[in-house]
Amino acid sequence: MLRPGVWLACIVALSVPSPARADATLLLGEPYGQFGKITPTGHAAVYLSRICASTPTELRRCLPGETGVVISRYHQVGGFDWLAVPLIPYLYAVESADQVPSFADAKTVATLRNEYRRSRLLEVAPDSANGAPPPGNWFQLIGAAYDRRIVAFTVPTTIAQDDELIRHFNAAENRGRFNFFLRNCADFARDLLNLYYPKALRASFLADLGMTTPKQVAKALVDYTSRQPELQLSTFVVPQLPGSRPESRNPRGVTEGLIKTKKYAIPLFLTQPWVSAGFAAGYLVSGRFDINRYSTVSYDPVDLERLAVHVAGLE
């Protein structure tokens, strides 16, 4: 049986039905760890199958055999607003799928991440003065599948759309502007996908009190494609790779988190029952969305050669 990274790469290759099509895929990452308990919204990134990167801050069209790039907004990583990393490194912190371990403890994950950082990401995460890995959130760029399960929502793109996105991102200033409430990773994913489909996605005030959350972006994308069936939304799951790390948890929106997370829900209900009722109503009206409905059954990989046949280099 092939390793998880190989499985995913083949699924991505198989999801492209013809050389004329490429995709933009919302990657909805589940929350994990202590921070995930405090803010259980998770993480949003976008995988672009026809777009690759010359550097983490410069996009280009992919060449045959390349597997696309994952792009997202990060907090305090090299002073940049967004950074782009190839698909397999983003998920597993290695160059190719055949290097993905079948089991990884925390030490192995840290080693893989640091080795990839030193070989590919020194311009955004340079060594500390003593040669040790730098502080900060650079680890979020690579090895995402060690920490969390990821549910993916895919829509088609055209060559013209992809080229326009490359032009847009390469021309715009790339300076850190992360704000948890106003300019977070979900805002970035929403705005990127809206470049492909203008005004398709928006935040929900009722569900998220004005914030944008990864789960709401996924819900908005599903709702939009249900009204545009020609887009043929497809989904797949990147499982969390087995290891000695806790499993990630289902992501939640703001009001959902306030009424379903005990440490918030109980005090809120006891002290402000009407506020609690209002949050519950907002969630019921606009926030319900079961991502597990879109977790497809895993496909058996056909063959590793499919990984090298990438439509990005074909027209």
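Which residues lie nearest the centre of the largest pocket? They are Phe35, Gly42, His43, Gln140 and Arg148. The close-up views below are taken from a predicted model.

**Figure 1. The largest pocket and its lining.** The largest pocket holds about 590 Å³ of space. Its lining is made up of 31 residues. Sorted by class, the lining has 14 polar, 13 nonpolar and four charged residues.

**Figure 2. The second largest pocket.** The volume here is about 470 Å³. The lining counts 25 residues, and Glu66, Pro86, Pro89, Glu95 and Tyr116 are the closest to the centre. Several elements each supply at least two lining residues: strand E3 (51-55), strand E6 (82-86), H3, H4 and helix H13 (305-308). E3 gives the most, with four residues. By class, 14 lining residues are nonpolar, six are polar and five are charged.

**Figure 3. Glutamate 95 paired with arginine 120.** These two side chains meet in a salt bridge, with N and O 2.7 Å apart. The pair links distant parts of the chain, 25 residues apart. Glutamate 95 sits in the loop between helix H3 (87-92) and helix H4 (106-120), and arginine 120 belongs to helix H4. Glutamate 95 has a relative accessibility of 39%, so it counts as partly exposed. Arginine 120 is partly exposed too, because its relative accessible area is 49%.

**Figure 4. Arginine 61 paired with aspartate 163.** The closest N and O atoms of this salt bridge are 2.9 Å apart. The partners are 102 residues apart and link distant parts of the chain. Arginine 61 is in strand E4 (residues 58-61), whereas aspartate 163 is in helix H6 (residues 159-171). Arginine 61 is partly exposed because its relative accessibility is 23%. Aspartate 163, at 31%, is therefore partly exposed as well. A search of the whole structure finds 14 salt bridges. Elsewhere, Arg117, Arg118 and Asp127 are linked in a salt-bridge network.

**Figure 5. The surroundings of arginine 73.** Arginine 73 is found in strand E5 (residues 69-73). Is arginine 73 buried or exposed? Its relative accessible area is 5%, so arginine 73 is buried. The side chain of arginine 73 forms a salt bridge with that of aspartate 81, at 2.8 Å from N to O. Aspartate 81 is buried too. Two backbone oxygens are also reached by the arginine 73 side chain. That of arginine 183 is at 3.4 Å. That of asparagine 184 is at 3.3 Å. Residues up to four places away in sequence aside, arginine 73 touches His43, Asp81, Trp82, Arg177, Phe178, Arg183, Asn184, Cys185, Asp187 and Phe188. One of these, His43, is among the residues nearest the centre of the largest pocket.

**Figure 6. Threonine 212 and its contact with arginine 190.** Threonine 212 is placed in the loop between helix H8 (205-208) and helix H9 (214-227). Threonine 212 has a relative accessibility of 4%, so it counts as buried. Its side chain is joined to that of arginine 190 by a polar contact of 3.0 Å. Neighbours within four places in sequence aside, threonine 212 is in contact with Asn184, Ala186, Asp187, Arg190, Ala203 and Val217. Asn184 and Asp187 are also among the residues that arginine 73 touches.

**Figure 7. Proline 242 in its loop.** This residue lies between strand E8 (234-238) and helix H10 (254-260). Proline 242 counts as partly exposed because its relative accessibility is 43%. What is proline 242 in contact with, leaving aside its neighbours within four places in sequence? The contacts are Ser102, Phe103 and Ala104. Tyrosine 146 is 96 residues from proline 242 in sequence, yet their C-alpha atoms are 7.5 Å apart in space.

Key
Residues are numbered from 1 along each chain as its sequence is written. This is a predicted model: local features need pLDDT of at least 70, side-chain atom pairs count only at pLDDT 80 or more; totals for chains, interfaces and linings use all residues. Side-chain values use heavy atoms; hydrogens and water are left out. A salt bridge is a side-chain nitrogen of Lys or Arg within 4 Å of a carboxyl oxygen of Asp or Glu. Buried means under 20% relative accessible area, exposed over 50%, partly exposed in between (1.4 Å probe, protein chains only). Contact means heavy atoms within 4.5 Å. On a 1 Å grid over the protein atoms alone, a cavity is a set of points where a 1.4 Å probe fits but cannot get out, and a pocket is an open set with protein on both sides within 12 Å along at least five of seven lines; lining residues have an atom within 4 Å of a point. Grid points are joined across faces, edges and corners, and a volume is the space filled by probe spheres set on the points. Ala, Val, Leu, Ile, Met, Phe, Trp, Tyr, Cys and Pro count as nonpolar, Asp, Glu, Lys and Arg as charged, and the others, Gly among them, as polar. A polar contact is a pair of N or O atoms within 3.5 Å; within protein, one must be able to donate a hydrogen and the other to accept it, and residues adjacent in sequence count only if both atoms are side-chain atoms.
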